Structures are given as structure tokens and as C-alpha cells.
Amino acid sequence: MKMLLKHRELFALYLFAFAFFIVFKYGPIYGVLIAFKDFRVIDGIWGSPWVGFKHFEELFQNADFYRLLKNTLLLNLYMLIFAFPAPIVLALMLNEIRSRFFQRFVQMTMYLPHFVSWVIMSGLVIYFLSPTTGVIAEIFGWFGAKPIFFLGQKEYFRPVVVASAILKDIGWSSIIYFAALSGISPELHESATIDGASRWQRILRINIPSIMPTVAIMFILNLGSFLSANFEQVINLINPVTYETGDVIDTYVYRVGLQQFQYSYTAAIGLFKSLVGLVLILGANFTVRRLSRGENGLW
Amino acid sequence: MNIRTWQDRLAVGVIYVLLGLLVVVVVYPFIHVLSVSFSSRGEALKSGFHWIPRQPTLDAYRNLLTYPYIWSGYGNTLFRMVIGTFLTLAVTVCAAYPLSRKEFPWKRVLILLLLFTMIFDGGIVPNYLLMKELHLLNTRWVYVLPSAANAFEVLVMLSFFRSIPDELVEAARIDGARDMRILARIVLPLSMPVLVTIGLWSLVYHINAFMDNLLYVTDQGKFVLQQIVRNILIQNQLDAFTASTSEVPPAPESLKMSTVIVSALPVLVMYPFLLRYFEKGTMIGSVKG
């Protein structure tokens, strides 16, 4: 009590801020209860009858669920394989450039897409990939190739999503790696050069190991949003033709849950996704800590 | 140290070419969009590359500015930028400042509670039901209240506050200053870099956000700019334009591209400013939580 009184101003400040977290971050966690109930709007969250794991059983028997799970995992896996290393490669390349002017120029240009919304970005992707008027179709024409309707064919959906995600954030995400590279002592490179190391060897033996701690942290941070990533993007690029490969958990929950009012059922899918995400990030953090003997990792 | 072999030169050459290509991929669409937005109907409908419109016209823009929801969209986006950023900063400071003080109790638990919100999320449906119960559906407040609680930003600000020398705070305490006063007179003036950084993060988030609009708001008059753009650009809702009376209406492509330009304008204007603070900001953000 005395402590409360002594720090009453600090407590008042904190209470004001923490109220936002309680209501808007912990509030939805209370709403997760409906995944175990048959939610009826009139009865509210608490008043609706309990049904235990009914929705989860339904879920695991539904073919839709496996399609969604596969799409979500595959898309995110491709993102991890292709989009995650892209900014690292960009930073390594920029680091080899001597001309400061060209370096800055490339960086400033490549940051721009990061500040453009996914609505605009997706709209432009659709426009430029259009098989009739798009620029890509024109380039295909130079080589005598038939234009491809990228967003109208399910095989191309994931590559388009991954490629446009790379384009949007490659420059921005490279900042942190570039900074880590700039921190490497030039003496290291000089002595390696004297010992006869080639440029390639220096990149491989000096640059890459030096940025590994940064890479590890970014990797965990990435896993944190592993299964929720790309929602803003997918929802703008998807159309009924590409549901088969493009539909991810979030887009499905939005469509079936909010637009067709199947609240409890889709809340169960959402909870499943959140739990998998939680396990992933804790697991990744644990592994990274183990591998680096407690030096890396977020906490 | 410059022993340059031909392999070395080749490697650097390849890097220059690759980076050059990357720049073209980003810059060309911008030129194309600008060009089509100013093109006359016939020209805009042509496929392939667009550089400089032969007969530049402002028709598309004139049409766009009569689109019923463009102005309300701008207004709502401005609302969320101003109020949302202010609220985010207020909540972030109020959470980070007590946590940065040594004598504040239960810090570890409180920080863990914040961290948890970063790695677990209730999901779309529970969030929707919450907004419904709070009567926030179809209000502008739904744009600014939930996003004010951002644990990552609290951690960034916290680590900045911690770097402020304790002696300054202690000296003020001995002079009899209370906590609020110390915050206002000493901590905040010293924290301008982090305030600007988080403020800009928030501004950019609010300029581009549309998911909360999509999920929680159905009243067109309350749509934010990005949602209006989404309707025009992606959902092809161009009906409102066909009411235009001009003999040769602008091509749908011109309308769409002018929408892109008009909606990206705030970001483009802010861009040099953003560049200055954002690079530094990412570095501030990279400190361990």
C-alpha cells in the first residue's frame, strides 16, 4: 500500500497505458472461449453453451482445413526460403560497392516500396501482370512467349505473392544487415587480403559469420508473425480462381467467419493458428539460444 | 590492398548490373503509373510500356476528385494519422516511463505481460467480437484505439529511456520534482529521437492501414483512403465514374493510376523526411527487448 502511494504518479501513468493492452490485447484472448462454445449473438460470449472440442473435431475432419493448413505452411515456407535471405543478399552486394553515391541511390530507391500500402502494391502487381495490357506480357512477347495470366492460374499464385513481397521489403529489411556489415573492422579484410583471400572468400568467411547474430534475431522475429504474415497481401491478390492454392487461414476465417457468420468454427481455426505460431516462436528462440550458447535469442 | 583480378572485376560488374536491374524494377512502375494517369483515353488503353504521355490531360484527376468518397477517405485517414499517432505516443510513453524507473515494482512480470501480446494473438473472430461488444464497429475510434497498444514500440522506447543517465533523474528528485514533472521536463525533452521515430512508424502505419477498415467498418462515409483505393483499384468499383458527363471519359486505367498517385501522395511528400529518421529508427529498434 505504501509503495502504491509512494509511486502513485508512476502507477497512474502505467495504469492508463496498460488498460489499452488489457482491453485490446488480452480482451480478444477472452473471446477465444467461443472456440469451445456454440456462439450465439443474443447470448453473448459467456452465455453461449459450452460444446468442448466439437469445433476442433469438425475442423480436423474437414478437407478445407488441410487445404488451408497446407497453403499457409507452404506460402510461409517459401517466404522463409526466398524472401528472408533476399535482403541479406542485397546487403552483401551493396557492401561490395565502392561508389557511395550508387550505394545511397540504390538504397533510397529500394526503400520506397516499403512505404506504399499493400492495396496500392497489389493493385499495381495485378495491373502489370495483366495478360492483355500488362508490361510483363509485353516483355514475354519480345521472346515470342505467350502471355501468362499469372493471377488467374493457381500454380502461379504463391510465386507472385513471394516475389511481390520480396520487392516490397527487400530494401527496407536490408538496412539492419547493411549496418551490421558496416560495423565489421576493415583491418579484418585487409589482413585477409594480404593472406591472399579472394573477394568471395572474404564474403564467405568474414562478412557472413559477422552478421549471423543479426540474422538469428531477425529470423526469430520473422517466425513470430510466421503464420499471420501476408494476410494484407493475399487478401488483395486472391480471387476465387486461386482459392485452391492461395487461400490461407486468415483469408478463410475472414470470408467464412465474418462474412458467413460461422464465428465459433472459425475462431477454432484461428486459435489453432495462434497456438502453432506460439510454439514456433518459442521453439525457434530456444534453438537459437542453444546453438549460440545463450548469446543470441530474444529473451 | 587492391589486387584486382579479372574474376574480381567480373563479380563487381555483375553486382552493379543486378542492383541496376532492381532499381529499374522499382522506378519504372512509378513512371508508368504517372504517365498513364495523365494519358488520354486512347493512349492509356494501349498495352506495353508507357513513358511520357503524348497528349497529357488532367481528365482522370478531374474525374477522381468528384468521386464521392475520396475526400471523406482523406479526412478519415487524416483523423487516424493525427489522433492515432498522438494516442500511440501517449500510451507508449506512459507504459515505458514507469518501467524504465529502477524503483518501480513488478517490472519483470509487467514486461513479460507486454511481451506475451507480441507472440500470441486472439485471432480475427475474437477481435471482431470484442469490437462489437465495445460498440466500436462502424466508428472511427476503431482505427485508433486498438493500434495504440503496441508492445514492440513500448520496448523500443523503454530501452531508450533506460539509456538516459540516472543522475539526471536523481538530481531532479532531490530538487523535489515529482515523477510527472521529471517525465515532462527531463525525460521527454531528451527523448526526441525516439519520439520522432515511433511517431513516424505510427504515421506510416496509419496512412497505409486498411485491415481494420475491412474487418470492422461497413459505412462508406467512414472508410479510410486505402479502402476507397482498394474498391477502385482492386474491386473495380468504377460505377461512380460512369456518371461523368464528358464525351470521352478517361480510360479505367487512367482512373486507377490517378487513384494510385493521389493516395500515395502523402507518403511521397513525406519520403525525404521519412528517410532521414527511419534508417536511424530501425537501428534504435534493433536493440534487444
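This is a predicted model: local features need pLDDT of at least 70, side-chain atom pairs count only at pLDDT 80 or more; totals for chains, interfaces and linings use all residues.
## Basis of the model

Local features are given where pLDDT is at least 70 and side-chain atom pairs count only at pLDDT 80 or more, whereas totals for chains, interfaces and linings use all residues. Residues are numbered from 1 along each chain as its sequence is written, with chains lettered from A in the order in which they are written.

Leaving aside residues up to four places away in sequence, B:A96 touches B:V154, B:M157, B:L158 and B:F161; a contact requires C-beta atoms, placed from the backbone, within 7 Å.

## Helix α2 of chain A

Helix α2 of chain A has 24 residues (8-31), which should span 34 Å at 1.5 Å a residue; the end C-alpha atoms are 32 Å apart, which agrees. The expected span is 1.5 Å times one less than the number of residues. The helix bends by about 30° at A:K25, and the proline A:P28 follows within four residues. This bend is the angle between axes fitted to the seven residues ending at a residue and the seven starting there.

Buried residues of α2(A) include A:L10, A:F18, A:F24, A:K25 and A:P28. A residue is buried if 20 or more other C-beta atoms, placed from the backbone, lie within 10 Å of its own, exposed if 12 or fewer, and partly exposed in between. The cover over the buried residues of α2(A) includes α3 (44-47) of chain A and, from chain B, α4 (70-100), α5 (107-119), α6 (124-133) and α10 (179-190).

## Contacts between domains and chains

The C-alpha centres of domain 1 and domain 2 of chain B lie 33 Å apart; the domain bounds come from an automatic or database assignment. Their contact takes twelve residues from domain 1 and ten residues from domain 2. On the domain 1 side, α15(B) gives the largest share, nine residues.

Between the chains, the contact takes 74 residues from chain B and 71 residues from chain A. On the chain B side, the largest share, 14 residues, comes from helix α1 (residues 6-37) of chain B. That side divides into 51 nonpolar, 13 polar and ten charged residues. Here Ala, Val, Leu, Ile, Met, Phe, Trp, Tyr, Cys and Pro count as nonpolar, Asp, Glu, Lys and Arg as charged, and the others, Gly among them, as polar.

## Selected residues of chain B

B:I182 lies in helix α10 of chain B and counts as buried, with 21 C-beta neighbours inside 10 Å. Beyond four places in sequence, B:I182 touches B:V169, B:A172, B:R173, B:A177 and B:V187.

Most residues other than glycine have a negative phi. B:H135 has a positive phi, near 55°, and is exposed, with 10 C-beta neighbours inside 10 Å. B:N236, in the loop between α13 (225-233) and α14 (239-242) of chain B, also has a positive phi near 55°.

Notes:
Two residues are in contact if their C-beta atoms, placed from the backbone, lie within 7 Å. Helices (H or I, at least four residues) and strands (E, at least two) are DSSP runs, numbered from the N terminus.
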